[in-house]
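Hi,

Here is the structure I said I would pass on.

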Amino acid sequence: MPAALIYFSSGSHFNRSLRLKARRHGYRLNQRGLYKDVARDGQGLKLTEGTLVKGIKTERDIFRVLNVPWRPPEERNI
């Protein structure tokens, strides 16, 4: 649910930026959740789905794991 809230309450640029940040740190973020241990090939294509990060209960948890300062939804429409 927290990842879906980020997805639906944020602008497309913010969503893409946050997903790129996740990817650069070995995660995968989509509207279904934050996944760790995602294996990618040399071109960045996903080889494994990864595993859902446990303990994510709020949007703030996702921001914390990705080391991104919290922003309320009204500041994410960029």
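**What I found**

The protein exposes about 5200 Å², with carbon and sulfur atoms supplying 53% of that area. Keep in mind that this is a predicted model.

On the overall fold: there are 3 helices and 3 strands, and along the sequence they come in the pattern α-α-β-β-β-α. The radius of gyration is 12 Å, close to the 12 Å that the globule rule gives for 78 residues, so the protein is as compact as a globular protein of that length. If you want dimensions for a figure, the C-alpha trace spans about 35 × 25 × 20 Å along its principal axes.

Now the sheet. The 3 strands make an open sheet, ordered S1-S2-S3, with antiparallel pairing. Strand S1 (28-30) and strand S3 (51-52) are at the edges with a single partner strand each, so one side of each has no neighbour in the sheet. S1 and strand S2 (residues 33-36) run antiparallel and are joined by 3 bridges.

Taking contacts between residues at least 6 apart in sequence, 41% join residues at least 24 apart.

Last, the charges: the protein has 16 positive and 7 negative ones, and the mean positions of the two sets are 2 Å apart.

Cheers

Definitions and conventions:
Residues are numbered from 1 along each chain as its sequence is written. This is a predicted model: local features need pLDDT of at least 70, side-chain atom pairs count only at pLDDT 80 or more; totals for chains, interfaces and linings use all residues. Side-chain values use heavy atoms; hydrogens and water are left out. Two strands pair if DSSP finds at least two bridges between them. Helices (H or I, at least four residues) and strands (E, at least two) are DSSP runs, numbered from the N terminus. The radius of gyration is taken over C-alpha atoms; the globule rule is 2.2 Å times the number of residues to the power 0.38. Contact means heavy atoms within 4.5 Å. Accessible areas come from the Shrake-Rupley method with a 1.4 Å probe; for residues, only the protein chains shown count as cover. Lys and Arg count as positive and Asp and Glu as negative; His and the chain ends are not counted. The place of a charge is taken as NZ of Lys, CZ of Arg, CG of Asp or CD of Glu.
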